[in-house]
Amino acid sequence: MSEAENKAPRVINKSGTLKMEDKVAETKGARDIAGRKMDRRGRRDRVKADVAPKEFDEVTIAVDRVSRTVAGGRRMRFKALVAIGNHKNKVGIGVAKGNDVTTAVAKATSKAKKSMITFAMDNETICHEARTKVTGADVLLKPAAPGTGIIAGGTVRSIIGLTGVKNLISKSLGSTNKVNIAYAVIEALKQQVPRSEWTKKGDK
């Protein structure tokens with residue numbers, strides 16, 4: 001080793017060992033368990049996974065704490081109401097309970113994905129007026145002219161916001177129970193019939 005190399009400063013790691021020089025590191029290669037050299041370019045931990053865009057957006061509409069009286073006292077749990085949609089004509093809701101909020105939301109999201117519906121649209125509004133009742137909830141949905149926006153509140157706005165409907169007038173006429181209102185909105189969307197089928201049904 002030359003005198004110049006001996007005088008060159010050496011970098012010491014936190015562990016107290018000397019840091020490997022760049023020239024030496026270039027000659028080193030990763031080896032597997034059997035001692036064979038590994039190609040750094042093909043290592044699985046170096047390959048970046050493709051991050052696919054989410055197909056559906058989800059909104060947690062409500063999380064309530066519920067209790068059940070059992071032999072040992074009261075058992076506290078959480079109930080979540082979740083809605084998912086693709087901002088087009090697919091939407092679904094789910095209700096589930098869990099011992100904590102995270103579990104309840106995860107279960108509700110899974111149920112919402114399984115119960116998704118596809119409904120008919122007329123440009124950026126619904127095809128026709130619909131009024132549905134689910135237990136105590138009574139929801140009225142009306143189509144609106146372009147530029148009206150979504151005139152709705154609470155649960156209805158959360159669900160319609162996940163669809164491609166941009167213009168809508170709605171009114172909740174009955175119970176304020178969010179779960180029942182959510183199911184009533186889904187039923188109203190299910191009832192939508194495209195304009196092209198209106199005359200066909202009239203001819204029959």
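Student: How do β1 and β2 pair, and over how many bridges?

Tutor: In this predicted model, β1 and β2 are antiparallel, with 13 bridges between them. Two strands count as paired if DSSP finds at least two bridges between them, and strands (E, at least two residues) and helices (H or I, at least four) are DSSP runs numbered from the N terminus.

Student: What joins β1 to β2?

Tutor: A hairpin does, through 2 residues.

Student: And what about β2 and β3?

Tutor: Those strands also pair in the antiparallel sense, over 8 bridges, and Ala-83 has Ile-93 in β3 as its bridge partner. They form a hairpin too, with 4 residues between them. His-87 in that turn has a positive phi of about 60 degrees.

Student: Zooming out, how many helices and strands are in the chain?

Tutor: The chain has 6 helices and 8 strands, in the order α-α-β-β-β-α-β-β-β-β-α-β-α-α from the N terminus on.

Student: Which residues touch the most other members of the largest nonpolar core?

Tutor: Leu-141, Ile-159, Ile-160, Val-185 and Leu-189 do, in a core of 31 residues. A nonpolar core here is a set of buried Ala, Val, Leu, Ile, Met, Phe, Trp, Tyr and Cys residues joined through side-chain atoms within 4.5 Å. Buried means under 20% relative accessible area, exposed over 50%, and partly exposed in between (1.4 Å probe, protein chains only).

Student: Which element gives the most to this core?

Tutor: That's α5, with 8 residues.

Student: What does Ile-160 touch?

Tutor: Leaving out residues up to four places away in sequence, Ile-160 touches Ile-150, Val-165, Leu-168, Val-185 and Leu-189. Contact means heavy atoms within 4.5 Å.

Student: New topic: is Ser-158 buried or partly exposed?

Tutor: Ser-158 counts as partly exposed because its relative accessibility is 24%. Its place is in helix α4. Ser-158 and Ala-182 are 24 residues apart in sequence, with their C-alpha atoms 9.3 Å apart.

Student: How much of the chain counts as buried?

Tutor: Of its 204 residues, 32%. Among contacts with a separation of 6 or more, 54% come from residues 24 or more positions apart.

How values were computed:
Residues are numbered from 1 along each chain as its sequence is written. This is a predicted model: local features need pLDDT of at least 70, side-chain atom pairs count only at pLDDT 80 or more; totals for chains, interfaces and linings use all residues. Side-chain values use heavy atoms; hydrogens and water are left out.
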